[in-house]
Each structure stands twice: as structure tokens, then as C-alpha cells.
Amino acid sequence: MTEEPKRIAGSRSDLVLASGSTIRAQLLCRAAVPFLQDPPEIDEAAAKAALCQAGAKADEAALELARLKAMAVCPRHPNRIVLGTDQLLICEGEWLDKPGSRARAFEQLERLSGRRHTLATALILLRAGRPVWSHLETPEVQMRQLTTGLITAYLDVAGESALQSVGAYQLEGPGAQLLESITGDVFAVLGLPMLPLLAALRREGLLP
């Protein structure tokens, strides 16, 4: 049975966030954007695998995954605008997923250690199932050279949160200590490029 959408940041909510992400919800709340949070029910891994097999580029795949998530939620909100989001991590041509286990998280951090990677962060707004706006950011992140001891200590502190992010780190938490530099929009690294999104919401009449 589908849970009721969570109403956040105000009583009048014409925007629906089609994501279960805590940090994306927090960013909208801190910007005083009224919205409902209604996570989509899709097989994201299968959709991503199909896109990869079809030869889609990472930015194309991120935008399509964002659209699929928004489309899954749209029928429940026919009179609202739905925000779909997705983020893919690309390191030397390889797409990395959320690790799902501590062992896999350790492997991913070893893979990223000392290397530069890209985060393809996609947003899309749908009204009645039709796109009214989309946006893609591709910030680059340089990871520090990580020792086995540092990775172990980080995973001890981060706990389950490390398993829920691509690359096994979260910039808004202790994962910041693993990074050397960021090129591009920090909001995009967090998964929600706020400034272009706020501009789009104003154009659609959802914000003053």
C-alpha cells in the first residue's frame, strides 16, 4: 500500500518531490519552498541497467531516470508540478551505484581514492506528465588519497548513511573529510542544484 505523501514546509504545496532523499528535502525546507515528498516506486537498478545496455551517456541516463521517477508519481498528483531527480557518479568511464553494503562501500572508496570523478545531477519538472523544464549539472570532485585506516574510520562514523549515496560518501556529513576539491555547483554535489531550480519554480508560479 502506498504511503501518504509527506507535507513539508508550508500548508500550500503545489510542488511534489518525487524522491525519498533526506538531503533534497532538507535543502527545499531550508529555502522555504513548500512541497510534498512522495518517493517513486520504480526498479531504478533495472532502468539504469537498460539505459547502460542501450549505450546511453551518463547525462542522458540521469535525465531519463529523473523523468521516470517523476512520471511514476504524476498520476497521484494531477494538479501539481512534480520534481524528478537523479544523480550518477562517473569515475574513469564507470558508473557507480549506491553501495548497499559496507564491503561494497569500502571497495567504492578505494576505487575513488586519489581520483577525480563527475556527478551527473539531473532535475526535471513535469506538469500533467509533460516536461516543462529540465536541468543538468556535472560538478567534478577530487578525492583525497585514502588509506585503509581512514576508510575504515570513516565508515565506522558514517554508518548506514554511507550506503545510501553514490560513491559511499555524503558531502553534508563526515564524507566532506574525504574530499580534496570540488569544481562546480556544491548544491549539485548534494543532489539538488538549488539556484536554477528556484528560478524555474518562480517561472512556473510556485514561488513569488
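Leaving aside neighbours within four places in sequence, which residues is Lys 48 in contact with? They are Leu 65, Leu 88, Trp 95 and Asp 97. The model is a predicted one.

**Lys 48**

- Lys 48 is found in helix 2, and helix 2 spans residues 44-53.
- Lys 48 counts as buried because its relative accessible area is 9%, and the cut-off for buried is under 20%.
- Among the contacts of Lys 48 is Leu 65, and Leu 65 is also one of the residues of a nonpolar core of 22 residues.

**Largest pocket**

- The volume of the largest pocket is about 810 Å³.
- Its lining is made up of 31 residues. Those nearest the centre of the pocket are Arg 24, Lys 98, Gln 164, Ser 165 and Val 166.
- Two or more lining residues come from each of helix 1 (22-30), helix 2 (44-53), strand 4 (81-91) and helix 6 (186-190).
- Helix 1 is the element that gives the most to this lining, with four residues.
- By residue class, the lining holds 12 nonpolar, 11 polar and eight charged residues.

**Nonpolar cores**

- The largest nonpolar core has 45 residues. The members that touch the most others are Leu 15, Leu 109, Leu 125, Tyr 169 and Leu 197.
- Helix 7 (residues 194-203) gives the most to this core, with five residues.
- Tyr 169 has contacts beyond four places in sequence with Leu 89, Leu 112, His 117, Leu 119, Val 141, Met 143, Tyr 154, Ala 162, Gly 175, Leu 178 and Leu 179.
- Another core, of 22 residues, lies apart from the largest one. Its residues include Leu 36, Ala 47, Leu 65 and Ala 122.
- In soluble globular proteins, nonpolar side chains tend to be buried together.

**Ile 81**

- Ile 81 lies in strand 4 and is buried, with a relative accessible area of 1%.
- Leaving aside neighbours within four places in sequence, Ile 81 is in contact with Asp 14, Leu 15, Val 16, Leu 125, Leu 126, Arg 127, Glu 204 and Leu 206. Leu 15 and Leu 125 are among the residues that touch the most other members of the largest core.
- Ile 81 and Ala 61 are 20 residues apart along the chain, and their C-alpha atoms are separated by 22 Å.

**Arg 111**

- Arg 111 has its place in helix 4 (residues 102-112).
- With a relative accessible area of 22%, Arg 111 is partly exposed; the value is not under 20%, so Arg 111 does not count as buried.
- Beyond four places in sequence, the contacts of Arg 111 are Cys 91, Glu 92 and Glu 94.
- Arg 111 and Leu 136 stand 25 residues apart in sequence, with a C-alpha to C-alpha distance of 25 Å.

**Cysteines**

- Zero disulfides are found in a search of the whole structure.
- Cys 91 is in no disulfide, because a disulfide needs two cysteine sulfur atoms within 2.5 Å and the nearest cysteine sulfur, that of Cys 52, is 15 Å away.
- Cys 91 is buried, with a relative accessible area of 0%, whereas Cys 29 is partly exposed, at 31%.
- Cys 91 is also one of the residues in contact with Arg 111.

Methods. Residues are numbered from 1 along each chain as its sequence is written. This is a predicted model: local features need pLDDT of at least 70, side-chain atom pairs count only at pLDDT 80 or more; totals for chains, interfaces and linings use all residues. Side-chain values use heavy atoms; hydrogens and water are left out. Buried means under 20% relative accessible area, exposed over 50%, partly exposed in between (1.4 Å probe, protein chains only). On a 1 Å grid over the protein atoms alone, a cavity is a set of points where a 1.4 Å probe fits but cannot get out, and a pocket is an open set with protein on both sides within 12 Å along at least five of seven lines; lining residues have an atom within 4 Å of a point. Grid points are joined across faces, edges and corners, and a volume is the space filled by probe spheres set on the points. Ala, Val, Leu, Ile, Met, Phe, Trp, Tyr, Cys and Pro count as nonpolar, Asp, Glu, Lys and Arg as charged, and the others, Gly among them, as polar. Contact means heavy atoms within 4.5 Å. A nonpolar core is a set of buried Ala, Val, Leu, Ile, Met, Phe, Trp, Tyr and Cys residues joined through side-chain atoms within 4.5 Å.
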